[in-house]
Amino acid sequence: MSKIASFGEVMMRLEVPRYATLEQSSTLLYSFSGTGVNVVSALSRFGHQGILWSVLPQNALGDAAISYLRRLGIQTEYVVRDGKYIGSYFLEQGFGVRQSRVTYSDRWGSSFNTADFKKFSFENYLDDIDAVHRCGITLAMNDQIRQALRRIALSAKKAGKLVIFDCNYRPSLWGEAGYELARPHYAEILQLSDIVFMNEMDAIHLLGLPTSETERKAQLEQLIPLVAKSYGVQTVSGTHRKINEDGTHSLNGYIFKKGKFHYSDPKSFTVYDRVGAGDAFASGIIHGELTGKHPSDSVQFAVVAAMLAHTVGGDTPIATEQEILQAMQHGMRDVSR
């Protein structure tokens, strides 16, 4: 199996229990997460070696985060300990027609976002790495981190490693006129990527690509081949989600590779916890690419991985490859005895 390293921030998730709001509750449950955390942890469950490149504070919070990451199967020897603070977010789980809500706190002053990355040359650790993962949430932070992202991507490309980028655009992180601010940074990172996670809305708003189509699938099929050709991306993948009147969600995925689209069967399910499901999908696609699966098999595997991620609490996917394959073959089952 492969070694994959992800560069990104570790965050503390502070969840209000029992679907309450912050105003209602005086109790919070904490755990640690992040896009890179979720992806490399999921890949470790598929048999790969997941490595995190990050910065955590040199205190009890950092110790707790390291311990949590190791329990997830993540290798932490390249996590730098520096600074005093960890970024956090408060999660209020939605119920019925009430949406879930995420409120960030301490994000800009965290050890990761204030680190001097000129001192931390993560790209020097590429020798035994097969793939490098980064995401748009990290890209939104500041210019020093953007420079580190570019440096890592350039070094990985030069070394012949697989370079992965998840667009993961977050309006609250880019602020006013966010699309215009983000566009040149995304364009630069896309040119250094082999696998990209995005959909037609990213192509329209982030990259400013025009479309004459009005239906989402038609827009996707018009714009994604253009993105792949313009930026030299080998594989583009993503999902479409629909929230049904009964509160269930429907999800289907796509992968575009070698000039052809492959779609998953749509999956409908009840949601227990939505956060992190996109990372579960991405890990399924990455697993397929690393193991040479046919794109049709990869996208079916990835969308079921995402479906299962909706059924457990916490950001980080916990399904094994065998559990995903079993769900693909047999669907919903009674108690396993």
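Guide: Helices here are DSSP runs of H or I with at least four residues, numbered from the N terminus. The model is predicted.

Visitor: OK. Where does Trp174 sit, then?
Guide: Trp174 is in helix H5.

Visitor: Buried or exposed?
Guide: Buried: the relative accessible area of Trp174 is 10%, and the cut-off for buried is under 20%.

Visitor: What does Trp174 touch?
Guide: Leaving out residues up to four places away in sequence, Trp174 touches Gly136, Leu139, Ala140, Arg146, Tyr169, Leu181, Ala182, His185 and Tyr186.

Visitor: On to helix packing. How is a packed pair described in general?
Guide: By two values, the angle between the helix axes and the distance between those axes.

Visitor: What are they for H4 and H6?
Guide: H4 covers residues 143–158 and H6 covers residues 178–190; their angle is about 15° and their axes are 10 Å apart. The two helices are therefore roughly parallel, a label that applies to angles under 35 degrees. H4 passes H6 in a left-handed crossing.

Visitor: Which residues make that contact?
Guide: From H4, Asp143, Arg146, Leu149 and Arg150; from H6, His185, Glu188 and Ile189.

Visitor: How many are nonpolar, polar and charged?
Guide: In the contact of H4 with H6, two residues are nonpolar, one is polar and four are charged.

Visitor: Now H10 and H11. What angle do those cross at?
Guide: Roughly 100°, and the axes of H10 (residues 295–309) and H11 (residues 321–330) come within 9 Å. H10 and H11 are therefore roughly perpendicular.

Visitor: Which residues are in the contact?
Guide: H10 contributes Gln300, Phe301, Val304, Ala305 and Leu308, while H11 contributes Glu321, Glu323, Ile324, Leu325, Ala327 and Met328. By type, the contact of H10 with H11 has eight nonpolar residues, one polar and two charged.

Visitor: What does Ala280 contact?
Guide: Ala302, Ala305, Ala306, Ala309 and Pro317, with neighbours within four places in sequence left aside. Ala280 itself belongs to helix H9, residues 277–291. Its relative accessibility is 1%, so Ala280 counts as buried.

Visitor: How far are Ala280 and Ser41 from each other, C-alpha to C-alpha?
Guide: 9.7 Å, although Ala280 and Ser41 are 239 residues apart along the chain. Ser41 is one of the buried residues of H1.

Visitor: How many residues of H1 are buried?
Guide: Ten of the eleven in H1 (residues 35–45), so the helix is largely enclosed by the rest of the structure. Among the buried ones are Thr35, Asn38 and Leu43. Just after H1, Gly47 takes a positive phi of about 105°.

Visitor: What phi does Arg18 have?
Guide: A positive one, about 60°, and Arg18 is not a glycine. Arg18 lies in the loop between strand E2 (11–16) and strand E3 (29–33). With 71% relative accessible area, Arg18 is exposed.

Visitor: And Ala177, what phi there?
Guide: About 55°, again positive in a residue that is not a glycine. Ala177 is in the loop between H5 (171–174) and H6, and is partly exposed at 44% relative accessible area.

Visitor: Aromatics next. How many pairs in the whole structure?
Guide: A search finds 20 aromatic pairs. In one of them, Trp53 and Phe122 are stacked, with 5.9 Å from centre to centre and 15° between the planes.

Visitor: Which parts does that pair tie together?
Guide: Trp53 is in strand E4 (49–56) and Phe122 is in the loop between strand E8 (101–105) and strand E9 (131–135), so the pair links parts 69 residues apart in sequence. Trp53 is buried at 0% relative accessible area, and Phe122 counts as buried at 2%.

Visitor: What else is in a cluster with Trp53 and Phe122?
Guide: Phe7, Phe112, Phe117 and Phe120 form one aromatic cluster with them.

Visitor: Last one: what does Thr138 touch?
Guide: Phe7 and Phe112 are on the list, along with Gly8, Glu9, Ile145 and Leu149, not counting residues up to four places away in sequence. Thr138 lies in helix H3, residues 136–139, and is buried with a relative accessible area of 5%.

Technical notes
Residues are numbered from 1 along each chain as its sequence is written. This is a predicted model: local features need pLDDT of at least 70, side-chain atom pairs count only at pLDDT 80 or more; totals for chains, interfaces and linings use all residues. Side-chain values use heavy atoms; hydrogens and water are left out. Axes are lines fitted to C-alpha atoms, for helices over the stretch in contact, and angles run from 0 to 180 degrees between N-to-C directions. Angles under 35 degrees count as roughly parallel, over 145 as roughly antiparallel, 65 to 115 as roughly perpendicular and the rest as oblique. A crossing is left-handed if the near helix is turned anticlockwise from the far one by less than a right angle, and right-handed if clockwise. Contact means heavy atoms within 4.5 Å. Ala, Val, Leu, Ile, Met, Phe, Trp, Tyr, Cys and Pro count as nonpolar, Asp, Glu, Lys and Arg as charged, and the others, Gly among them, as polar. Rings of Phe, Tyr and Trp (its six-membered ring) pair if their centres lie within 6.5 Å; planes under 30 degrees apart count as stacked, over 60 as edge-to-face and the rest as tilted. Buried means under 20% relative accessible area, exposed over 50%, partly exposed in between (1.4 Å probe, protein chains only).
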